[in-house]
Amino acid sequence: YTHTNLFGNLTRLDLTTVAGWAQLPTPWAVDAQGPVVKLEPAFTKKGILEPYLLWSLVPTLASDVQEGYQYWSAGERLGVSRWFAGVLSLSLSHNLRRLDFYAVDPAFDRQESLLGRDFRDPFVLSYVELQASVALADSLTKPTEGVIVDGTYDLAGGLLAGDYSFHRALLCLRAYHRPFRKLQRASRVQAGTISPDGVQAAVPFSFKFYLGGSSTVRGFGSKRLSPMLHECLADACTDIPIGGLSMIQGNLELRYRLLKKLSLVAFGDLGDVQIETLVWEPGEWNFTAGPGLRADTPLGLARLDLGFRLNRRDAYPGEPTWAVYFGLGEAF
């Protein structure tokens, strides 16, 4: 729901709501299940202090289920952003989140788990986020030519209080080129690292890096390209992704328009997540590839991808070596 003139003073309201039920990893092999709920009204207004500033206030209430835990969360984001010359965008925001866990797997117990001090239930996360974007492309939403560079820096804890204290940095480069009318080339490279620091030096595992899924490294399940916590109860053993502090990712797609509303895609992905800060090991990078289809529908661009793992198949025992993905919109 969108209202562009709330209170009659040009305040914009974008209301996002989600309500559903999730079953992990699949409906026919359920290890965890629970409600997925999200209520997020976003209020934005231009012109306070300076005509080109855009202010935003986004309170959020959510519930979700992940491998090993479920949670309720409430929080807010208060920020301001501005474009310069239509090319450079800068934004600064304060984010506050409170998470309360339930249905927690015993592997996450702070007394026994390898996660140790990183698991706190409940916890409050308070951080400021600085984002910068340089857009040298023909479009921000559907680029076909040009380059877009995005950088994000988060600072948590310290004078901001909260139960965690860390630095988090992420840099992303996207490039697009159309050599022929029907052929589109798209590529992306991004890397990130997190450094715990200060009195409350730790990082919540929900805020660490994970890869795998329909928009990162296809061939892995969602969040399955990650350091794992191996747990055995009775005769059954499971691996729970716990995230890492360093991440590298690369994607390349060739998109060929076959018909007016149907395109063929060939893609290659690479990625790795390390448990330590500022650690990148090229010998442990994971490569995947596969074909895809894109179809223009009344709901938007529908995406179907089939990803295959090409190397290090023994590094994640028990994980499938291929995966099918459905989605809306391009992967990047």
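Colleague: Which residues lie nearest the centre of the largest pocket?
Modeller: In this predicted model, the lining of the largest pocket is made up of 39 residues. The elements that give two or more residues to that lining are β2 (11-26), β3 (29-46), β4 (54-66), β5 (69-84), β12 (236-241) and β17 (322-328). Those that lie nearest the centre are Leu24, Pro25, Thr26, Glu67 and Arg224.

Colleague: How does the lining of the largest pocket divide by class, and what is the volume of this pocket?
Modeller: By class, the lining of the largest pocket has 20 nonpolar residues, together with 10 polar and nine charged ones.

Colleague: Which element gives the most to the lining of the second largest pocket?
Modeller: The second largest pocket holds about 1,000 Å³ of space, and of the 36 residues that line it, Tyr71, Arg97, Tyr127, Ser206 and Phe207 are the closest to its centre. Two or more lining residues come from each of β3, β4, β5, β6 (88-102), β7 (123-137), β8 (146-156) and β9 (166-180). The element that gives the most, with seven residues, is β5.

Colleague: How many charged residues are in the lining of the second largest pocket?
Modeller: When the residues of this lining are divided by class, 16 are nonpolar and nine are polar. The charged residues in the lining of the second largest pocket number 11.

Colleague: Is Asp269 buried or exposed?
Modeller: Asp269 lies in strand β14, which covers residues 262-274. Its relative accessibility is 3%, and because a residue under 20% is classed in this way, Asp269 counts as buried.

Colleague: With which side chains does the side chain of Asp269 make polar contacts?
Modeller: Leaving aside neighbours within four places in sequence, Asp269 is in contact with Thr216, Val217, Arg218, Gly250, Asn251, Leu252, Asn286, Phe287 and Thr288. The side chain of Asp269 makes a polar contact at 2.9 Å with the side chain of Arg218, and another, at 2.9 Å, with the side chain of Asn251.

Colleague: Which residues is Val279 in contact with, leaving aside its neighbours within four places in sequence?
Modeller: Val279 has a relative accessibility of 18%, and therefore counts as buried, the limit being under 20%. Once those neighbours are left aside, Val279 is in contact with Ser246 and Gln274.

Colleague: What separates the C-alpha atoms of Val279 and Leu15?
Modeller: Along the chain, Val279 and Leu15 are 264 residues apart.

Notes:
Residues are numbered from 1 along each chain as its sequence is written. This is a predicted model: local features need pLDDT of at least 70, side-chain atom pairs count only at pLDDT 80 or more; totals for chains, interfaces and linings use all residues. Side-chain values use heavy atoms; hydrogens and water are left out. Helices (H or I, at least four residues) and strands (E, at least two) are DSSP runs, numbered from the N terminus. Buried means under 20% relative accessible area, exposed over 50%, partly exposed in between (1.4 Å probe, protein chains only). A polar contact is a pair of N or O atoms within 3.5 Å; within protein, one must be able to donate a hydrogen and the other to accept it, and residues adjacent in sequence count only if both atoms are side-chain atoms. Contact means heavy atoms within 4.5 Å. On a 1 Å grid over the protein atoms alone, a cavity is a set of points where a 1.4 Å probe fits but cannot get out, and a pocket is an open set with protein on both sides within 12 Å along at least five of seven lines; lining residues have an atom within 4 Å of a point. Ala, Val, Leu, Ile, Met, Phe, Trp, Tyr, Cys and Pro count as nonpolar, Asp, Glu, Lys and Arg as charged, and the others, Gly among them, as polar. Grid points are joined across faces, edges and corners, and a volume is the space filled by probe spheres set on the points.
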